[in-house]
Amino acid sequence: MARFVGRRLLHLLPVLLAVTLLTFLIASLLPGDLAYTMLGDQATPDKIAALRAEMGLDLPIWQRYLHWLWDVLQGDFGRSFRTGETVLSAVLDRLPVSLELMVMAEALGLLIGIPVAILCAVRSGGAIDRFLTGLAFGKLSLPSFMVAILLIYLFAVQLGWLPATGWVPFAEDPIGNLRSFILPALTLAFAEWPVLMRVLRSDMIATLQEDYIAMAKAKGLRSARILLVHALKPSSLTLVTVTGINIGRLIGGALIVETIFALPGIGRLLVGAIYARDFIILQGVVLFVATGFVLVNFVVDMLYAVLDPRIRHGRA
Amino acid sequence: MTSPLLSLEAVSVELPTPRGMLRAVDKVDLNLMPGRTLGIVGESGCGKTMLSRAILQLLPKRAQLSGRVTFDGRDLATLSAEVLRRLRGPELAVVFQDPMTSLNPVLTIGTQLVETLQAHLGMGGATAIRRSVELLAAVGIPAPEQRLRQYPHQLSGGMRQRVAIAIALSCEPKLLVADEPTTALDVTVQAQILDLLAREQKRRHMSMILITHDLGVVAGRTDEVAVMYAGRVVERAPTSRLFGHMRMPYTEALLAAIPKLESPPHTPLPAIAGRPPDPTRPLPGCSFAPRCRYADEQCRQAKPPLVDPDRCGGLYACWHPLAPQAAAMGI
Amino acid sequence: MAVLEIEGDTALVSPVPSRRRRTNGLFVAALVWIALIGLAAILADVLPIMSPTDMDMLGKREPPSAEHLLGTDQLGRDMLSRLIYGARISLTVGLLAPVIGLVVGGALGMIAGYLGGRFEALTVGAVDVLLAFPPLVFALAVTAYLGQSVFNLTLVIGVLGIPAFTRVARATTLSLTQREFVVAACTLGATHTRILLRELLPNVMLPLLAFFLLAVAVTIVVEGALSFLGLGVPPPAPSWGSMIGEGRESLDIAPWLAFLPAGFMFVTVLAFNIVGDTLRALTDPRPGAL
């Protein structure tokens, strides 16, 4: 097992390095003079030149990259020139919100998707299967912002059960906090469940035709046990991959939902940084998000080994 | 005269296919007494596996079963799913052909043994584990405690099949159906597994059905043999009689096809020429006629019934059965 | 006549025919919608509809009437014409952007899959790294800095689609390079270019086309999302996304302002998904998979 992890780690490092390089390149190649933007209406040619020299903006790009990378490895992601807070603290401040949203969204997505997938797989080809599969397919054409509008209209405008926007910290008001997350998490969950369900259904249909399922039936085990213990585990590999990838994507991808529902998460931080041309924040947060994605994929790879003992022992 | 443990009356299995109805099993009659072993022999596609599925009530969803399967005096088709489920394990058990695919690859051996014991015998965890160790030891697996924590792919083919047998025997069934239990194993291991099955069967006074394509497997290990061809039973007799006085040319051809150690090197294998008929287009006459060297017009026009004209317990379906002396020379 | 292995194989009896029939009806309907909306978009200027930008401050948020067939929005503009002109924008971006991905990504993927070796490893690695970046952020950043315009939007979304096309093209190519006709061409001494263009390309084209249609659906959604946030197509040009965004404020009094463009977008995206999916099912048959 240790060898497996070790080999994967070795593969991880060049990818992470490439991510840092790409992030840096994108941020520095965006048009606009950083020093000019930073000084704003106090910009004079002298001050710009001085600031550029101070920030090392005149150095060749590879030198700037290495300086930046060195800082990053020491935990210094830079400091926003607008707000003065470090990138690290800006991110850490908003991370809990994004994480809470991500976890709730994915959990809800699985809560909907897994039972639907199992139901469809068991009654594969029947009317229920066709209906639910069609529903999942249709849902794929309904993007998150539309779902958000629908949910807001239904629950906030018409029924008045849940708030359309606004957020309170968990420490202050746990119930209010959870209430403010329900609609955004549902919005994301509705976008997630079709993909999850489709993948699990497909794998389960294949698994249910395996001999060991026939054997389990021949042993006289209960259907519930056969489905949940014998069939679910070998079918969940793709599901785990997709879930992991989705969580990784959600780290940066929930920004539409965060914007609509006014949640102070990383997505909104990014959007704000883009509007204000805050390169430093942009660069730091993108690095954080991309790295997070790569790391999540790595963890998913590890989970594979847990789920399928054959991989653990070196065979596939 | 005790009543049979298992009784099949005019059992047929039909499957809908894009090319028409496929008759996999065609009006089979069989009886099995308690404590006896029945061998079912036939080549691939003769319907023996479908027959075993019919006995176990594990047919695919679209299959249509007609006729009656009576187990322990009860018509299996009339039982509810729950009653049938509770039968499986304590009364009816099965060993499949390939233990690599019939054991769940992501669950430990222990889990797969214990769950059967817990489901049917209501054993607690510790008791079930102890019993599992005993079962593994009884089927000849060394270091059984370690094995419980291992996964199927960590064991050799022969060991895996022993585990499958242990699982099948764990609830002391009355009938064990072994569907080609040694086909996927090395030749050296085959005899061991078959001996294990025979031993356990005698010890527990269990009935057993041994399904195989290899006549050599049933010799000496079964009480009665039924030969199947194209979905029908074409010969059925107590084992010694079948080998001593076979009547059906097909059975003779099957026996001749077994390679013999005593033959000189490079002896061509007397394989049976031709192929079994397409099950979606049944022939009007005897299904074996196209390949039989004794076939004549009558064979091609009319299907011979399964009869026992000599009244000696051996049935066959042939218009021109082998004469007893000629058959004796086939061994 | 082959011997049928009747060992309980349920694949024998899978009900493929009925599923095809059902899909055909939807398939045709999807094609019809795409044709209709496409025609409307192209002919928008000559259709007898009002201007999408004329404001009628006295007739704000009107329900459907004889004058305004689908009502007016919050600035008194005619909804029907805005929807049709919106289709023009969405379809333009939706169809043009994936072409970039198709051409560049398809070529890259095909070459990578064909050549193998280090070029392929490098391409695959690059694709993996690129896919680690949140695409929406990238699109936002670029349009924010380069300015909002249909051209920029198309370019950015198009470039963002390259990794996905590369993956599909490579996967399809890999499954083809071992086939006899490629090996035969190789043995006959065909050059790499010839094999790529004459043998591989025609066969890779169909799955890529299917993926293209799915990409169109995704692009319409992405453009819609960006416009919804106000960061896509600049006003006053009508885009379904921006109409939904603007309609959001009137949800309590005039919900149709948001739901009409949402409905149009949903049906259009669904249509492309159906056509693309049907095409994919035809070129990549796998039992049980959607």
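Student: Taking two strands as paired when DSSP finds at least two bridges between them, how many bridges are there between β1 and β2 of chain B?

Tutor: Nine, and the pairing of β1(B), residues 6–17, with β2(B) is antiparallel. Bear in mind that this is a predicted model.

Student: Which residue does S7(B) bridge to in β2(B)?

Tutor: N31(B) is the bridge partner of S7(B) there.

Student: What's the strand order in that sheet?

Tutor: Chain B has an open sheet of four strands, ordered β2-β1-β4-β5, and the pairing is antiparallel. The edge positions go to β2(B), residues 20–32, and β5(B), residues 74–75; each has a single partner strand, so one side of each lacks a neighbour in the sheet.

Student: Which helix lies across β1, β2 and β4 of chain B?

Tutor: α1(B), residues 48–56. Its angle to β2(B) is about 65°.

Student: What's the mean pLDDT of chain B?

Tutor: The mean is 85, with 95% of the residues of chain B at 70 or more. Residues 326–331 of chain B fall below 50, and that stretch has twelve contacts in the model beyond near neighbours in sequence. Where pLDDT is low, predicted coordinates should not be read in detail.

Student: OK, switching to chain C. How many helices and strands?

Tutor: Chain C has ten helices and zero strands.

Student: What share of chain C is buried?

Tutor: 43% of its 290 residues count as buried. As for contacts in chain C with a separation of 6 or more, residues 24 or more positions apart account for 69% of them.

Student: How do α2 and α8 of chain C cross?

Tutor: The axes of α2(C), residues 79–115, and α8(C) come within 7 Å and cross at roughly 140°. The crossing is right-handed. On the α2(C) side the contact includes S90(C), V93(C), G94(C), A97(C) and P98(C), and on the α8(C) side it includes L196(C), L200(C), V204(C) and F212(C). By class, the contact has 15 nonpolar, six polar and one charged residues.

Student: And G158(C), where is that?

Tutor: G158(C) sits in helix α5(C), residues 150–160.

Student: Buried or exposed?

Tutor: Buried, because G158(C) has 22 C-beta neighbours inside 10 Å, and the cut-off for buried is 20 or more.

Student: What does G158(C) touch, leaving out residues up to four places away in sequence?

Tutor: A97(C), P98(C), I100(C) and G101(C). A97(C), P98(C) and G101(C) are among the residues through which α2(C) contacts α8(C).

Student: Now the interfaces. How many residues of chain C contact chain A?

Tutor: 34 residues of chain C are in contact with 40 residues of chain A. On the chain C side, at least two residues each come from α3(C) (117–130), α4(C) (135–146), α8(C) (192–228) and α10(C) (256–283). The most come from α4(C), which supplies seven.

Student: How does that side of chain C divide by class?

Tutor: Into 27 nonpolar, four polar and three charged residues.

Student: And where chain A meets chain B, how many residues on each side?

Tutor: 18 from chain A and 23 from chain B. In chain A, the elements giving two or more residues are α9(A) (211–218), α10(A) (223–253) and α14(A) (309–312). α9(A) gives the most, with six residues.

Student: What's the secondary structure of chain A?

Tutor: Chain A comes to 14 helices and zero strands.

Student: What box do its C-alpha atoms fill?

Tutor: Along the principal axes, the C-alpha atoms of chain A fill a box of roughly 85 × 55 × 35 Å.

Student: And what fraction of chain A is buried?

Tutor: Buried residues make up 41% of its 316 residues. Of the contacts in chain A between residues at least 6 apart in sequence, 70% join residues at least 24 apart.

Definitions and conventions
Residues numbered from 1 in each chain as written. Chains lettered and ligands numbered in written order. Predicted model: local features only at pLDDT ≥ 70, side-chain atom pairs only at ≥ 80, totals over all residues. Contact = placed C-beta atoms within 7 Å. Nonpolar A, V, L, I, M, F, W, Y, C, P; charged D, E, K, R; others polar. Pairing = 2+ DSSP bridges. Axes fitted to C-alpha atoms, helices over the stretch in contact; angles between N-to-C directions. Buried ≥ 20, exposed ≤ 12 C-beta atoms within 10 Å, placed from the backbone. pLDDT = per-residue confidence, 0-100. Left-handed = near helix turned anticlockwise from the far one by under 90°.
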